[in-house]
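Biologist: Here are the sequence and the model, and I would like to go through them by question and answer.

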Amino acid sequence: MDLDIADMTNTVNLREELESVGIVEILAQLDRELIGLTPVKTRIREIAALLLIERIRKRLNLTSEVPTLHMSFTGNPGTGKTTVALRIASILHRLGFVRRGQVVSVTRDELVGQYIGHTAPKTKEVLKKAMGGVLFIDEAYYLYRPDNERDYGQEAIEILLQVMESQREDLVVILAGYGDRMDKFFASNPGFRSRIAHHIDFPDYSEPELLAIAELMLRDMNYKFSADAREAFIRYIALRKTQPLFSNARSIRNALDRMRLRQANRLVADLDRVLAADDIMSLEASDVLASRVFLNDGSMTSSA
Amino acid sequence: MRITQGCFSFLPDLTDEQISRQVQYSLENGWAVNIEFTDDPHPRNNLWEMWGLPMFDLRDAAGVMMELNQCRKVYGDRYIRLSAFDSSHGWESVRLSFIVNRPKEEPGFHLERHEVAGRNIRYTTRSYAADRPEGRRYG
């Protein structure tokens, strides 16, 4: 990192440059708060490095073009796409590639209208709000509905493509969605694929990673697992992963919320007991084991 | 005759960059910016037509500039003004309003003197542009 880029007239100290924009702490925060996701973190580091160099090149008048920064995030539900988008926005903002750094998160509903002439003003309004920041389009493949040729989604796509091309210095667009559907979306809209510089794939979390995420979430909420509960939760993750509609970290958060509910119920059931702070903070094995995930027959699902 | 209404109208026309800076100043104050156009330059004409709705919740001037450029494409031969509305006291009131586009030729005003009883005179101003029908007044 002590390399100095020497120019005829200018020299640049990379370390000073890096410290002056303060992205080191954002990257560290990313490492600290996001468990796993190694390929994603690597890509973000690479992008951050590229942008840092690009910024220096601009200052030395070696380049005047605005780099294409539009991205696509693909991955299963609950793998952290939205969270990473927020971090990317602050990295881009610190490096000066977006002027304001806000993230406007939309889905098809906010872009596509319901009757002729409704779509363009709607899409433009969202674009105007996102100017100077990042437009995050969740489940972007819904914009394109091949089964309905009169669908207004195509109109929104055309406006988006035009702004993505002509106002690259004003707006960064991030498309997000599940991997296979996004592939189909890009295949039928080649204009999008070529305008997007960075395709980032979010892998599913492994079981130990999910456990680490659960413990991190609990720590943030000032809860903790007892030793038994932790064992039970490891079994819970393994079982839950095999069930349908598993959405990674989001499922974990929902499970924790239900366990907090059961814990509160358990504590309230015995009104005469004198509680220590530790009792209120800890989740016991019984709170975990009451989950319907541990029931083999589906007839008692209401107990969840 | 160059008409002078609103802010900055005694200055040379603002460049796009200067307009953008003024818009950004308005947005940073939390004001919503609106685009209006007209081809009736009379100073008492307060019914300008709106170009879309006022733009709420914007963070960056680029959004307003995008709309302004589209308005110029359609009504580039007319007067266009930006107004910034402040709603912080419970109702929308204009904080800043300035002309950002004007016709190439501004024919000016005719001053009509109406002689009434007792050698009194009443004055009327009438824009030469308004002699022609709406939509065909300039260019």
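Biologist: Between which two helices of chain A is the loop in which Leu245(A) lies?

Modeller: This is a predicted model, in which local features need pLDDT of at least 70 and side-chain atom pairs count only at pLDDT 80 or more, while totals for chains, interfaces and linings use all residues. Residues are numbered from 1 along each chain as its sequence is written, with chains lettered from A and ligands numbered from 1 in the order in which they are written. Helices (H or I, at least four residues) and strands (E, at least two) are DSSP runs numbered from the N terminus. On that numbering, the loop with Leu245(A) lies between H11 (227-242) and H12 (248-269) of chain A.

Biologist: Is Leu245(A) buried or exposed?

Modeller: A residue is buried if 20 or more other C-beta atoms, placed from the backbone, lie within 10 Å of its own, exposed if 12 or fewer, and partly exposed in between. Phi of Leu245(A) is positive, near 60°, in a residue that is not glycine. Because 7 other C-beta atoms lie within 10 Å, Leu245(A) is exposed.

Biologist: Where in chain B is Asp57(B) found?

Modeller: Asp57(B) also has a phi near 60°, positive in a residue other than glycine. Most residues other than glycine have a negative phi. Asp57(B) has 13 other C-beta atoms within 10 Å and is therefore partly exposed. Its place is the loop between strand S2 (49-50) and helix H2 (61-75) of chain B.

Biologist: How many of the residues of H6(A) are buried?

Modeller: H6(A) reaches 17 Å from its first C-alpha to its last, close to the 16 Å expected at 1.5 Å a residue (the expected span is 1.5 Å times one less than the number of residues). Its buried residues include Thr123(A), Leu127(A) and Ala130(A). H6(A) is largely enclosed by the rest of the structure, because the buried share of its twelve residues is nine.

Biologist: At what angle do the axes of H6(A) and H7(A) cross?

Modeller: Axes are lines fitted to C-alpha atoms, for helices over the stretch in contact, and angles run from 0 to 180 degrees between N-to-C directions. Thr119(A), Ala120(A), Thr123(A), Lys124(A) and Leu127(A) in H6(A) meet Glu155(A), Ala156(A), Ile159(A), Leu160(A) and Val163(A) in H7(A). By class, the residues of this contact are six nonpolar, two polar and two charged (Ala, Val, Leu, Ile, Met, Phe, Trp, Tyr, Cys and Pro count as nonpolar, Asp, Glu, Lys and Arg as charged, and the others, Gly among them, as polar). The axes come within 9 Å, and the angle is roughly 40°.

Biologist: Why does Leu143(A) count as buried?

Modeller: Leu143(A) sits in the loop between strand S5 (134-137) and helix H7 (153-166) of chain A. Leaving out residues up to four places away in sequence, it touches Arg108(A), Leu111(A), Val112(A), Gly153(A), Ala156(A) and Ile157(A). Leu143(A) is buried because the number of other C-beta atoms within 10 Å is 25.

Biologist: How many bridges join S3 and S4 of chain B?

Modeller: Two strands pair if DSSP finds at least two bridges between them. S3 (residues 79-86) and S4 (residues 93-101) run antiparallel, and Ile80(B) stands opposite Asn101(B). In their hairpin, with six residues between the strands, Gly90(B) takes a positive phi near 105°. The bridges that join S3(B) and S4(B) number seven.

Biologist: What pattern does chain B follow along the sequence?

Modeller: Chain B has 139 residues, 27% of them buried. It contains two helices and six strands. Read along the sequence, they give α-β-β-α-β-β-β-β.

Biologist: How many residues on the side of chain A that touches chain B are charged?

Modeller: Eleven residues of chain A contact nine residues of chain B. On the chain A side, two are nonpolar and four are polar, and the charged ones number five.

Terms used:
Two residues are in contact if their C-beta atoms, placed from the backbone, lie within 7 Å.
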